[in-house]
Amino acid sequence: MHATLLIALYAFLGAGAAGLLGAGTLWMLRRRSLTTSLTVVAAVAVTAMLAGTLAVAQAMFLSAHDLSVVTTVVAMAAVVSLAAALLLGRWVVARSHELALAARSFGDDGDFTAPHGAATAELAALSRELQATSAKLAESRQRERALETSRRELVAWISHDLRTPLAGLRAMAEALEDGVATDPDRYLKQIRTEVERLNEMVGDLFELSRIHAGSLALSLSRMSVYDLVGDALAGVYPLAREHGVRLVGDRVEPLPVEVDGKEMSRVLGNLLVNAIRRTPADGTVMVAAERLTDGVVLSVTDGCGGIPEEDLPRVFDTGWRGTHARTPPGGAGLGLAIVRGIVEAHQGRATVRNIPGGCRFEVVLPAAAS
């Protein structure tokens, strides 16, 4: 037992000395290729074994022949180990190089394609993460391009919609100033109308900026959708009568919701005004409120004839306006974007789909807690 412990001690001292030397070498070569590190590790393993063997041989006074045999065996093991380390290192480095070239595409076309062929588990996991990141970046770039397109359209349409009333206001003001207005009262009434339009447009821009900035503060209270719909219908009734459109709201259940009454009235008002302006005379705009398994759905159905399928995904985008809304009183295309922003701030969702003869806008809100 004593001899065994002594052998173990000598072997540990010899191998430990080789291990310390190898650790220092690895530290100095830590910035070099993985192939170099693997070769050093293999060399350290063989050197540690050889050093331990030599230490034991010297302590136990082995014969020169026995020591030569052990040394030869260790040398052959060293050759095989180093060759295996070199092959493994070159293979891993080649896979790493292929992955680096594929990752470089992030800076070129922004897309990542995983290299073909087998790889270590760590490199395969890294490749999967890069693919997932590439997909997220592609989605982000697409969303950014859509937002940039919406921003350009919004700037163009706002510029157009501001220029038209401002030009009219200037002409009427000059006519009044020069005393050539044949009916000053009519001019003043028209000026007031244009100023109200501009005020509504500026108000929409301010509301949308609050939504995009995340500073829309909601004052939630428990109320019935029946009261919300009733107030909204009363507010747009004069506009509906002017356009010869019938308003129907007989499918409204008195369901409780937790909402900001002012903001939700704006949502319904925007949807109803949009529906009335797109529905031809003698048409019908219908409002309904029903219970769903996941909340309450408010719907506004019009008779606009439908929205082109390719435009449906863009209906709630900032600045989007349908083909019938290119001229006043179509507005700046902010109403539906405001609707979506307010609804999402209430943890709800806004959707639209075509129905025979028109389209149906739906606002789904979480039901109030019992």
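Let's start with helix α7, where Gly261, Glu263, Met264, Val267, Leu268, Gly269, Asn270, Leu271, Leu272, Asn274, Ala275 and Ile276 are buried. Buried here means under 20% relative accessible area, exposed means over 50%, and partly exposed lies in between, using a 1.4 Å probe and protein chains only. The model is predicted, so local features need pLDDT of at least 70 and side-chain atom pairs count only at pLDDT 80 or more, while totals for chains, interfaces and linings use all residues. Residues are numbered from 1 along each chain as its sequence is written, and side-chain values use heavy atoms, with hydrogens and water left out.

Stepping back, the protein chain holds eight helices and seven strands; these are DSSP runs numbered from the N terminus, with helices (H or I) of at least four residues and strands (E) of at least two. Of its 370 residues, 34% count as buried. The accessible surface of the chain is about 21800 Å², and carbon and sulfur atoms contribute 60% of that; such areas come from the Shrake-Rupley method with a 1.4 Å probe, and for residues only the protein chains shown count as cover. Among contacts (heavy atoms within 4.5 Å) with a separation of 6 or more, 71% link residues 24 or more positions apart.

Next comes the sheet. Five strands make an open sheet with mixed pairing, in the order β2-β4-β5-β7-β6; two strands pair if DSSP finds at least two bridges between them. β2 (246-252) and β6 (349-355) are at the edges with a single partner strand each, so one side of each has no neighbour in the sheet. On average, neighbouring strands of this sheet are turned by 20 degrees against each other, direction ignored. Inside the sheet, β4 (residues 284-292) and β5 (residues 295-301) run antiparallel and are joined by seven bridges.

Now back to α7 (residues 261-278), which lies across β2, β4, β5 and β7 (358-365) and runs at about 175 degrees to β7. Axes are lines fitted to C-alpha atoms, for helices over the stretch in contact, and angles run from 0 to 180 degrees between N-to-C directions.

Which residue sits in the loop between α7 and β4? Thr279 has its place there, and Thr279 is buried at a relative accessible area of 5%. Its side chain reaches the backbone nitrogen of Gly303 at 3.2 Å, a polar contact, that is, a pair of N or O atoms within 3.5 Å in which, within protein, one must be able to donate a hydrogen and the other to accept it, and residues adjacent in sequence count only if both atoms are side-chain atoms. Leaving out residues up to four places away in sequence, Thr279 touches Val245, Thr284, Val285, Asp302, Gly303 and Cys304.

Gly305, in the loop between β5 and α8, counts as exposed at 58% relative accessibility.

Finally, look at helix α8 (residues 335-345), whose buried residues are Leu336, Ala337, Ile338, Val339, Gly341, Ile342 and Val343. Their cover includes α5, α7, β6 and β7.
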